[in-house]
Amino acid sequence: MIALAAFAAAAMPVSGLAQAETLRPFFAKLAHANMRPVHILQIGDSHTAGDAITSAWRDLLQQKYGAAGRGVLAPGRPFDGYITHGVTVTMSPGWKISSDFGATWSMPSPPLGLSAFTLTSQSDGATMALLADPNEAFDRFVVCAIVKPGAGHLTLHAGTEAATFNLASATERPECRTMKLAQPATTADLTVSGGPATLTSWATFKDGGGVALSNLGVVGSQLIHWARTDDAVLTEELANYRPDLIVLAFGTNEGFSPRVNEFEYEVTLRAQIGRIRRLAGNVPILVLGAPDALSRRGEMRANTSTGETSPECGAPVAQPVQADPGVIETIMSRLRNSVGMAPSEPPPASQPATPVPTPVATGTSKGPLFPPAGLKLVRDVQRRISRQLNVAFWDWEARLGGRCYADAWVHANPPLMRGDYVHYTMTGGKEVAQRLEDDLDRAMAR
């Protein structure tokens, strides 16, 4: 067994990226991004919504391959403090906001799409407007809405061109309308009239080539909340936005839950990866493993169904030999075949429990810092299920320095993380993006 572990450890990937071969279709398109635009669609929580990391990754990609527009956005301004690097968004008062999590979640909910936000106005003259930075100029403007009986219509403007989007329909269904422009533009807006309007997303793209990176996140949310989105809306939006890579960036809020159940989280992760594959087709998927984050709250030390306790930062932690699981499985399969051993049985089926929404805040009480035990459990499930379902996985925690790196990043000069030991500064976001892009570049070169 010692020889087995040594052999497997020697075969470990040199970067934080596993199952990189599943990204070959994405890499092939990226290699020709100068001729055809490439679209990366990231879905996640506050790390995605805040855009500190995705904006830096967007800049790196667009500097290398060119800009293909700002991509998909939640319509209007769905929450206070909404950050949209590359564009400035405004809207008139009176829009009713619905989302998959938080104070704007309710049952019944309007249909939710990729952005997990829906905005509805009952007022004639209600508006939304978008002003893009010069480097994010676009020649394709897309608006996705719900058409239904009694709905009004939208007057769309993009640059110097105008169009009408009639939302009245005999049946209720999602529909996206695209304006293709003769010349690149930096302004777009819409106005409601003749009845109510319900919007699920909008987007700007440039079709000549380059990269667009869409960041769609809901602060405080978990993957199980994103499961509240509507299949029909997702299908319509995916068909119009045509992503070349879908990035799932959840896990922090799951890891801070009062009790993290390994099997329940596995069911959720498996179901949502399967759902994306069913609705998006053969689009490569990249799972970002839950990053390091720290707490002082005692109840977070053992917040898993296994009762495992998380030591404080600085305390010695037993580190098992980390071997490439694919190599181990191959070797163990040969051993089982040679001695007639049966493969391990999968766990029994179950339904995920109703999640308990919890804030990520680490609290202000004195005490030692430590990563919640649930974070490691979530990360381990993400790594294992990504391998089993053959999707790419990036080990965010390991790539940034391993357990408790958040402490050093908070106290770096300049700070790379905020004082909550969870979220990243703009400088830290650039470092995260650089390390992710470095790993993707190496995999693409191979």
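Angles under 35 degrees count as roughly parallel, over 145 as roughly antiparallel, 65 to 115 as roughly perpendicular and the rest as oblique. In this predicted model, helix 6 and helix 8 pack at an angle of about 50 degrees, and these two helices are therefore oblique to each other. Helix 4 and helix 13 likewise pack at about 50 degrees, and for that reason they too are oblique to each other.

**Helix 6 and helix 8**

- Helix 6 spans residues 231-241 and helix 8 spans residues 262-280, and their axes lie 9 Å apart.
- Helix 6 passes helix 8 in a crossing that is right-handed.
- On the side of helix 6 the contact is made by Asp-231, Leu-234, Thr-235 and Leu-238, while helix 8 contributes Arg-275, Arg-278, Leu-279 and Ala-280.

**Helix 4 and helix 13**

- Helix 4 covers residues 52-65 and helix 13 covers residues 426-445, with 7 Å between their axes.
- The crossing that helix 4 and helix 13 form is right-handed.
- From helix 4, the residues making the contact include Ala-52, Ile-53, Ala-56, Trp-57, Leu-60, Leu-61 and Tyr-65, and Ser-55 and Lys-64 also take part.
- From helix 13, the residues making the contact include Met-426, Gly-429, Val-432, Ala-433, Leu-436, Leu-440 and Met-444, with Lys-430, Gln-434, Glu-437 and Asp-441 also among them.
- The contact of helix 4 with helix 13 divides into 13 nonpolar, 3 polar and 4 charged residues.

Note on methods: Residues numbered from 1 in each chain as written. Predicted model: local features only at pLDDT ≥ 70, side-chain atom pairs only at ≥ 80, totals over all residues. Heavy atoms only, no water. Axes fitted to C-alpha atoms, helices over the stretch in contact; angles between N-to-C directions. Helix = DSSP H or I, 4+ residues; strand = E, 2+ residues; numbered from the N terminus. Left-handed = near helix turned anticlockwise from the far one by under 90°. Contact = heavy atoms within 4.5 Å. Nonpolar A, V, L, I, M, F, W, Y, C, P; charged D, E, K, R; others polar.
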